[in-house]
Amino acid sequence: MFKKILIANRGEIACRVIKTARKMGIKTVAVYSDADRNALHVKMADEAVHIGPAPANQSYIVIDKIMKAIKDTGAEAVHPGYGFLSENPKFAEALDAAGVAFIGPPKGAIEDMGDKITSKKIAQEAQVSTVPGYMGLIADAEEAVKISNEVGYPVMIKASAGGGGKGMRIAWTDDEAREGFQSSKNEAANSFGDDRIFIEKFVTQPRHIEIQVLCDTHGNGIYLGERECSIQRRNQKVIEEAPSPFLDEDTRKAMGEQSVALAKAVGYASAGTVEFIVDGDRNFYFLEMNTRLQVEHPVTELITGVDLVEQMIRVAYGEALTMTQDDVTLTGWAMESRLYAEDPYRGFLPSIGRLTTYRPPAEIAAGPLLENGKWQGEAPEGQHAVRNDTGVYDGGEISMYYDPMIAKLCTWAPTRDAAIEEMRVALDSFEVEGIGHNIPFLSAVYDHEKFTSGKMTTAFIEEEFPDGFEGVAITEADSPRIAAACAAMHRVAEIRRTRVTGRMGNHERVVGRDWVVSLQGDDHTVAIEADRDGADVAIGGAILRVESDWAPGQPLARLTVDGTPLVMKVSKISGGFRVRYRGADVKVHVRSPRQAELAKLMPEKLAPDTSKLLLCPMPGLIVKVDVEVGDEIQEGQALCTVEAMKMENILRAEKKAIVTKINATAGDSLAVDDVIMEFE
């Protein structure tokens, strides 16, 4: 087996590979840019090599720098992770020439399947059903418009070398085709160094389901079930699960066998993923093959018990697979949530800065015992697992130069409903402060009926959150429970306060038993009878027993209310708490009856009027300004383009106006809420 491998990547995937290498007794080498000098993957590896400035095109995707790091450290093999050089045939060729093993597929398979245009042609020749589209290269925006009309709107404009949602746009009109072509071309050039674009029909109401394949150099190939990846935003996956709640055994088998046949046709050897679009009748169409480890691979590992990174390393070393298709069993259900440094309340725009708090939920090892890479027996009821793949830490910094992913939070349980519930609790327990993040949005999805029923499509977010995410309300069922919990917590805080101020006396008399809890515009009258183990809270004609060891100042409150667990993130505000629970972010005020009467007389503070300003929604670089002072602009018109975390974001006018002042030009770096332009 290899003695030392280099991971040509960063962040959570580099940490993930290091964990398996360590388990196998293999030394690891990390590479890092200026921005990643103090990164977690650098701390975890046995050795680390500096490879250049922060921008990826000056460090992580410079083949010569990676090759020098390999030579200097004596690494025998390289794991590329995903993104960066993972699907670059020139990198695989350079490694081969240097006698270094590539922990991935052969160069020919990367070339055939890594290029979306070529892979579709091969799939068609192999009689694999593909989505209609134009497979040739497109010269300019006008040709893109012409082809789009021939294919028929809506169309998907995609970068040939793309991935992860980069260089991808949906166009419904000629204007969107022109604009999408140029943005896709720019993103593709910046992210992949390859600006080739192609166009295909956009299938409405589709499901995105992919098959995990694993092949060796001895002609063996298997599939390890599927992953449902239909919850996507801007064509980037947000939530994945395995297996899919939509497939039946016959469809799963057909998709799996077709995927393995395609892999063998191109001489594939390693872990890879064949992606399909599946319609409502379970007809499936080949979309592309990713010749690398997928971001969402943990859910497959959780339901099969197969360590895909270990298998990739063993295949690269020349070992044959030790399992056959009959050995693959799917046990239980797994969910994966991608935690991103992006603000869901600002249209999911990137958020950068320091993680002042980063406390993920405790990891719990998964289910039934494993033996020879397969589950042994059925999963006992009530068993569950929590896994968190991450590349950040408390006090670390989220950089503007790379993908905004913070972590991949995964849960496993015997059933889909149980896995979802475990994820809800895990998200409620995940503490992230200092930056914007999408935990509230993820929580809202897991509570959505269309998701819990398994009836979602790739249009889920677009259809259910058409105006963006503005938060969710605490449900009518949960409102009394949270009110009772906050009343009990307020009592504990008041007792602490009286001790600090020296007003010991009769705690019940000083603190009081009658309170009014204001929550989401509703007032709940409560009465508390406390004892040594907890409190009985009378609310709405019921008595709820509240028990907890929460103490003032603790940001995570774990309680039991009426016999049911309740986990909330809490922080102190004047007269109560800020509570975050299941995607809701609310202020809960706990007042004496007299204070509650007076509170109703207080005027509401109005937010400042920013309707005549275009504010920068995230830290980023101004790429282009589309208007001039004096221009009359229309609703929806493009005003400027801001680039952050490898994505271009077009800022548009919200209403008709006249531009009176422009404060930024192309090339300027702006912070959140910097004024870009003003209107009248």
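Residues are classed by relative accessible area, with buried meaning under 20%, exposed over 50% and partly exposed in between, for a 1.4 Å probe and protein chains only. The structure is a predicted model, in which local features need pLDDT of at least 70 and side-chain atom pairs count only at pLDDT 80 or more, whereas totals for chains, interfaces and linings use all residues. Residues are numbered from 1 along each chain as its sequence is written, and side-chain values use heavy atoms, with hydrogens and water left out. Helices (H or I, at least four residues) and strands (E, at least two) are DSSP runs numbered from the N terminus.

Backbone geometry is considered at several positions. Most residues other than glycine have a negative phi, and most peptide bonds are trans. Two cis peptide bonds are described here. One runs from Y153 to P154, with omega near 0°, and P154 is found in the loop between α7 and β7 (155-163). The other joins A242 and P243 with omega about -5°, and P243 is placed in the loop between β12 (236-242) and α9 (249-265).

Helix α7 spans residues 141-151, and its buried residues include A141, A144, V145, I147 and S148. The N-terminal end of α7 is capped by D140, a side-chain oxygen of which lies 3.3 Å from the backbone nitrogen of E142. Such a polar contact is a pair of N or O atoms within 3.5 Å; within protein, one atom must be able to donate a hydrogen and the other to accept it, and residues adjacent in sequence count only if both atoms are side-chain atoms. Just after α7, G152 takes a positive phi of about 100°. Helix α10 is mostly covered, with 8 of its 8 residues buried, namely H297, P298, V299, T300, E301, L302, I303 and T304. Just after α10, G305 has a positive phi of about 80°.

Q294 is found in the loop between β14 (284-290) and α10 (297-304), and it counts as buried because its relative accessibility is 2%. The side chain of Q294 is joined to that of N290 by a polar contact of 3.4 Å. When residues up to four places away in sequence are not counted, Q294 touches Y82, E210, R227, K237, T273 and E275, contact being defined as heavy atoms within 4.5 Å. G454, in the loop between α14 (449-452) and α15 (460-464), is likewise buried, at 8% relative accessibility. Under the corresponding sequence exclusion of residues up to four places away, G454 touches R207, P245 and R416. G454 and R314 are 140 residues apart in sequence and 36 Å apart in space, C-alpha to C-alpha.

Helix packing is illustrated by α5 (residues 107-114) and α6 (residues 116-125), the axes of which come within 5 Å and cross at roughly 90°. The contact is made by E111, D112, M113 and G114 of α5 together with K116, T118, S119 and I122 of α6. Axes are lines fitted to C-alpha atoms, for helices over the stretch in contact, with angles running from 0 to 180 degrees between N-to-C directions.

The structure holds 16 aromatic pairs, for which rings of Phe, Tyr and Trp (its six-membered ring) pair if their centres lie within 6.5 Å, with planes under 30 degrees apart counted as stacked, over 60 as edge-to-face and the rest as tilted. Y60 and Y402 form an edge-to-face pair, at 5.7 Å centre to centre and 80° between the planes. Y60 lies in the loop between β3 (47-52) and α3 (63-73) and Y402 in the loop between β23 (397-398) and β24 (405-413), so the pair ties together parts that are 342 residues apart in sequence. Both Y60 and Y402 are buried. One aromatic cluster is formed by Y345, F348, F441, F460, F465 and F469.
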